[in-house]
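Subject: Structure handover: charges and salt bridges

Hi,

Here is the structure for your files. My notes on its charged side chains follow below.

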Amino acid sequence: MTDLRELIRQGEGERLEFKKRTTHPTRIARTLASLANTHGGRVLVGVDDDGRIVGVRDAEEEIYQLRQAAQHYIDPPLELRFKEVEEDDRVVLVVTVAESSHKPHRAQVADGDWRAYVRVRDESVQTSQLTEKALERTDTGPRFERIPLNKEELAVLDYLQKNPRITLAQYMKLLNIGQRRAYRTLIKLTLHGYIKHHDKQKEAYYTL
């Protein structure tokens with residue numbers, strides 16, 4: 001099995017994203033920023049959501065769009081690495097995004113509207129102001145800073161003292177809260193080092 005097929009076989013996750021093509025810099029900018037703000041990773045352009053290799057029509061055009069996104073639609077700008085891989089007579093562009101030491105990076109979602117994102121499972125999730133502050137501290141001090149927790153956050157830790165793991169769905173049910181709110185709480189706890197995020201199985205889960 002080739003390196004590319006082995007990478008695809010892992011499936012999309014915290015450090016890997018599949019894209020059939022780069023349609024517009026603003027759309028890919030969120031993904032690139034989220035990878036840089038989290039642990040870095042790769043984007044495979046020319047691979048559909050199911051992991052099927054469809055290839056890119058014009059690798060140079062894709063690279064141009066990605067550079068536009070990284071330089072003009074992300075603040076501060078990002079440097080990307082590109083590698084063209086041929087498989088079954090199709091070209092896949094492997095885009096590598098390093099974890100940044102200048103967090104947070106914000107992506108432009110509209111004129112004058114810049115937002116920070118982090119990677120959670122295979123999604124780019126908008127951060128809260130508190131999470132952005134945590135990201136700002138990662139290149140100057142300890143990676144995670146323990147902070148006072150509210151009742152909803154303490155409930156996660158209490159649950160994990162008695163159970164080996166918790167999923168997003170379990171946490172939503174536990175506190176009867178919506179997905180967006182639950183996501184943000186779990187992201188915050190993960191970034192501050194209270195819990196660990198695992199995404200190797202079908203459903204992501206969290207542990208102490």
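A salt bridge here is a side-chain nitrogen of Lys or Arg within 4 Å of a carboxyl oxygen of Asp or Glu. By that rule, the count comes to 11 salt bridges. Keep in mind that this is a predicted model.

Some of the pairs:

- R181 and E152: their side chains meet in a salt bridge at 2.1 Å, N to O. R181 sits in helix α7 (residues 179-191) and E152 in helix α5 (residues 151-162), so the pair ties together parts that are 29 residues apart in sequence. R181 is partly exposed, with a relative accessible area of 48%.
- R9 and E6: the closest N and O atoms of this salt bridge are 3.1 Å apart. Both residues lie in helix α1 (residues 3-10), 3 residues apart, about one turn of the helix. R9 is exposed at 58% relative accessibility. E6 is partly exposed at 31%.
- K19 and E17: here the closest N and O atoms are 3.5 Å apart. K19 is partly exposed, at 21% relative accessible area. E17 counts as buried, at 9%.

There is also a network: salt bridges link R5, E87 and D88.

Next, charge on the surface. D49, D50, D122 and E123 gather in a negative patch there. D50 belongs to the loop between β2 (41-45) and α3 (59-72). Its relative accessible area is 75%, so D50 is exposed, the cut-off being over 50%.

Best regards

Conventions
Residues are numbered from 1 along each chain as its sequence is written. This is a predicted model: local features need pLDDT of at least 70, side-chain atom pairs count only at pLDDT 80 or more; totals for chains, interfaces and linings use all residues. Side-chain values use heavy atoms; hydrogens and water are left out. Patches are made of residues with over 30% relative accessible area and no salt bridge: like charges are joined within 9 Å, nonpolar side chains (Val, Leu, Ile, Met, Phe, Trp, Tyr) within 5 Å. Accessible areas come from the Shrake-Rupley method with a 1.4 Å probe; for residues, only the protein chains shown count as cover. Lys and Arg count as positive and Asp and Glu as negative; His and the chain ends are not counted. The place of a charge is taken as NZ of Lys, CZ of Arg, CG of Asp or CD of Glu. Helices (H or I, at least four residues) and strands (E, at least two) are DSSP runs, numbered from the N terminus. Buried means under 20% relative accessible area, exposed over 50%, partly exposed in between (1.4 Å probe, protein chains only).
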